[in-house]
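Subject: Structure handover

Hello,

Here is the structure I said I would pass on. Please open it beside this message; my notes follow.

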Amino acid sequence: MANKETTSAPSAQEWSGTTTDEQQPKLPIRLVIGLAIGAFCWIVAYLGAVGVLLPARIAEIAPADKAAVVALNSTVSMIVAAIANILIGAGSDLTRSRLGRRTPWIWLGAIGSLASLTVLGHVQSVPALVTTWAVYQIFLNSIIAPLLGTLSDRISPQFRGTAASGYALGNGLGTGLGQVIGAQFLGNTATGLLVLGVLTVLVAPATSLLFRETSSLDMPKRPFTRDMVLDHFMFARHNARDYYLALLGKFFVILAKFAIQGYVLYILTDYMLLGEDDSSRYISIVSLIIMVTGIVMAFVAGPIADRLKLIKLPVIVSSLLIAVGVLVPFFYATPVMMVLYAVIAGTGLGMFNAVDQALNIAVLPDPDTAAKDLGILNLANTGGQIAGPLVAAAAISAFGYHMLFVVAAAAALIACLLFALIRSIR
């Protein structure tokens, strides 16, 4: 058996891309820690860059065309990231090396991310900036896809909730600290981007040490045929009903999230009629609550899901909490309702993030194409982040701010229904 907690090398006949409960009777703590560190390293740098230092670099290079450059850069990077997700995931699934399937890609992504962010701090033109950021997306996904593949390969079903919570914990801490770190270098973006690159590159030695991935040379080599290409580089074709339900459900959860989060400032100023100082204070309160609830649920939701042997139910409950939370400000246009939204929806989002990856792995059509299929599922994040603000803008323009909360709640309820339709897991 490859990619599990044993010391003996597998034979070709024994190769499998997964680990069973019998082969992993105890929680693989070092793997969970490695997943948490890996998630932290990539997202803390990404959010520090995309949220603070990238806009600052754009303002330095093209101050008169900031909005247009941001739109262009976002579009290009989104397309590149979507393609990279699939191709790199497939490449990772097919990799036969002494270092394993995932480790070589994580090293490539870590070193490439450091180089890309370093270059980004010194580019002097819009084309160079857009190109460098697009290259960074490729290397970033060379970290993300193999990390998620490792979660599928090395964690047995009985511990996937806890391992997914570990990943979510690293993700939540990185999300909370990324923009804080980036903001410390607004006066020197080149140094700031270098620091973020160094934080990213730490993912490689940390995961190598903690994952200790075994050789994948015994994995059967797939001949280059039409079926191999369709299996490894295209959307899943077989046994994929629950997989696509999970993908669509995740899309609607992320849509509901970003429909509100993308408009928090305008909700406070235009809907609740607060001044600039009060709006800033409540934005900080809302952000802090969502971060804390996310971290708390990362510690709680996954282990409970493992103990009860339930994955689908926590995702359904989380969707319901999000639906209730985003609807609260519909009833009263007061900032207290935004605090209540943050508590209820933040708890739901934290629970969802804690068990989401466990659900995704449980519905994979084929464990041998795990990184590719998980990469496609990750497209729901990108699509929801884009669709959320667009749907919100349409609702506000047509009916006013009240309808924004109704639309977001409806999206979360659609997600709840889609998750409930999944048959293969409880």
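For the charge count, Lys and Arg are positive and Asp and Glu are negative, while His and the chain ends are left out. Each charge is placed at NZ of Lys, CZ of Arg, CG of Asp or CD of Glu. On that basis the protein has 26 positive and 22 negative charges, and their mean positions lie 6 Å apart.

This is a predicted model, in which local features need pLDDT of at least 70 and side-chain atom pairs count only at pLDDT 80 or more, while totals for chains, interfaces and linings use all residues. Residues are numbered from 1 along each chain as its sequence is written, and side-chain values use heavy atoms, with hydrogens and water left out.

The whole protein

The protein has 15 helices and zero strands. Here helices (H or I, at least four residues) and strands (E, at least two) are DSSP runs, numbered from the N terminus. Along the principal axes, the C-alpha atoms fill a box of roughly 65 × 50 × 40 Å.

Of the 426 residues, 53% are buried. Buried means under 20% relative accessible area, exposed means over 50%, and partly exposed is in between (1.4 Å probe, protein chains only). The protein exposes about 17,800 Å², and carbon and sulfur atoms supply 69% of that area. Accessible areas come from the Shrake-Rupley method with a 1.4 Å probe; for residues, only the protein chains shown count as cover.

A contact means heavy atoms within 4.5 Å. Among contacts between residues at least 6 apart in sequence, 83% join residues at least 24 apart.

Cysteines

How many disulfides does the structure hold? It holds zero, where a disulfide is a pair of cysteine sulfur atoms within 2.5 Å. Cys41 counts as buried because its relative accessibility is 5%. Cys416, at 11%, is buried too.

Residues in helices

Ser77 lies in helix H2 (residues 66–94). With a relative accessible area of 10%, Ser77 is buried. Not counting residues up to four places away in sequence, Ser77 touches Trp133 and Gln137.

Arg307 belongs to helix H11 (residues 276–308). Its relative accessible area is 74%, so Arg307 is exposed. Arg307 and Ser16 are 291 residues apart in sequence, and their C-alpha atoms are 26 Å apart in space.

Residues in loops

Most residues other than glycine have a negative phi. Arg212 is not a glycine, yet has a positive phi of about 50 degrees. Arg212 sits in the loop between helix H7 (203–211) and helix H8 (226–233), and is exposed at 53% relative accessible area.

Lys309 also has a positive phi, near 55 degrees, in a residue other than glycine. Its loop runs between H11 and helix H12 (312–327). Lys309 counts as exposed because its relative accessibility is 57%.

Phe185 is in the loop between helix H5 (160–183) and helix H6 (189–201). Leaving aside neighbours within four places in sequence, Phe185 is in contact with Leu53, Thr191, Gly192 and Val195. Phe185 and Val195 are 10 residues apart along the chain, with their C-alpha atoms separated by 9.3 Å.

Regards
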